[in-house]
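Have the structure open beside you as you read.

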Amino acid sequence: MKKTKKRQKDKQAQKSKRRFILLTFFAFFITLSLLSFAAIGLSLYQENLLSAFDRTRYYYQLGIDKLPDTIVRRVDANDLYQDGKLYLSMNDIAKLCELTVTGDHTKRTYFPTDASENYVTFYFSSSQIIVNGEKMLMEGDTYVKGNVLYVPASFFQNYASGIEVIENLEKKRVTVQRVSLGTKYDVLGELVQDYQDIIFLAGTGKNLTPISEGIVISAFPEPEEDDPDFSDQANDAQPNATTE
């Protein structure tokens with residue numbers, strides 16, 4: 001009788017042990033599954049988040065491919081586009097093209113260092129400009145952010161030569177570079193890059209380098225000759241002695 005009871009207790013103990021092991025296994029399996037699903041969900045969320053973030057980022061290249069002084073950086077779309085128009089930093093343009101800069105709290109004037117008679121004056125928060133003494137209009141107003149002047153990229157299509165702006169919306173890439181003429185030997189006998197001269201030309205946009213392939217920005221009218229708001233600015237457009 002005692003042996004029978006003992007056997008029954010042993011069987012119950014074994015059943016309890018098996019049940020405990022089985023429950024432990026199921027609990028471990030469920031926990032592992034939940035952790036796996038959570039990890040996959042987190043990974044997908046991060047991937048989607050990064051993908052969404054990446055869609056707002058552009059590659060911004062200043063200079064020609066593979067040259068040692070070329071700069072490539074990632075830029076948020078909001079730092080490149082205003083009201084759907086591409087804008088460029090004139091600090092970058094001045095550095096790229098070695099332009100001399102003068103100005104004050106209302107305007108800035110840029111001209112090649114070897115040609116002070118060839119210049120452009122931009123007025124802050126305005127689409128009005130002076131190009132070699134002629135008053136013109138851009139397709140959008142300038143704006144200043146962190147003491148950096150930004151101008152519509154179409155300016156370089158309509159009123160400048162020697163600078164290329166290539167906008168690739170599909171690859172989200174904007175390239176700003178000087179027009180290359182190949183290479184040449186400098187006075188020291190070293191092989192250097194040769195560039196087309198930077199020239200600001202009034203009213204000859206149709207003859208200049210397009211802003212990008214497949215994108216046409218329509219020309220806009222010049223201001224009227226009797227524009228009272230512009231006459232005073234035109235008289236004050238020549239570069240002054242204050243260097244930025």
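This is a predicted model: local features need pLDDT of at least 70, side-chain atom pairs count only at pLDDT 80 or more; totals for chains, interfaces and linings use all residues.

**Aromatic rings**

Searching the whole structure turns up eight aromatic pairs. One of them joins Phe122 and Phe155 in an edge-to-face arrangement, with 5.0 Å centre to centre and 70° between the planes. Phe122 belongs to strand 7 (residues 120–123) and Phe155 to helix 3 (residues 155–158), so this pair ties together parts that are 33 residues apart in sequence. Another pair is Tyr143 with Tyr150: the ring centres are 4.9 Å apart and the planes are at 5°, so this pair is stacked.

| Residue | Relative accessible area | Class |
|---|---|---|
| Phe122 | 0% | buried |
| Phe155 | 2% | buried |
| Tyr143 | 18% | buried |
| Tyr150 | 17% | buried |

Phe122 and Phe155 also belong to a cluster linked by ring pairs, together with Tyr110, Phe156, Tyr159 and Phe200.

**A charge over a ring**

Which residue lies over the face of Tyr59? That is Arg74, at 4.2 Å from the ring centre.

**A hairpin**

Strand 8 (residues 128–131) and strand 9 (residues 134–137) run antiparallel and are joined by four bridges. Val131 has Glu134 in strand 9 as its bridge partner. The two strands form a hairpin with two residues between them. In the turn, Asn132 has a positive phi of about 50°.

How values were computed:
Residues are numbered from 1 along each chain as its sequence is written. Side-chain values use heavy atoms; hydrogens and water are left out. Two strands pair if DSSP finds at least two bridges between them. Rings of Phe, Tyr and Trp (its six-membered ring) pair if their centres lie within 6.5 Å; planes under 30 degrees apart count as stacked, over 60 as edge-to-face and the rest as tilted. Buried means under 20% relative accessible area, exposed over 50%, partly exposed in between (1.4 Å probe, protein chains only). A charge sits over a ring if NZ of Lys or CZ of Arg is within 6 Å of the ring centre and within 35 degrees of the ring normal.
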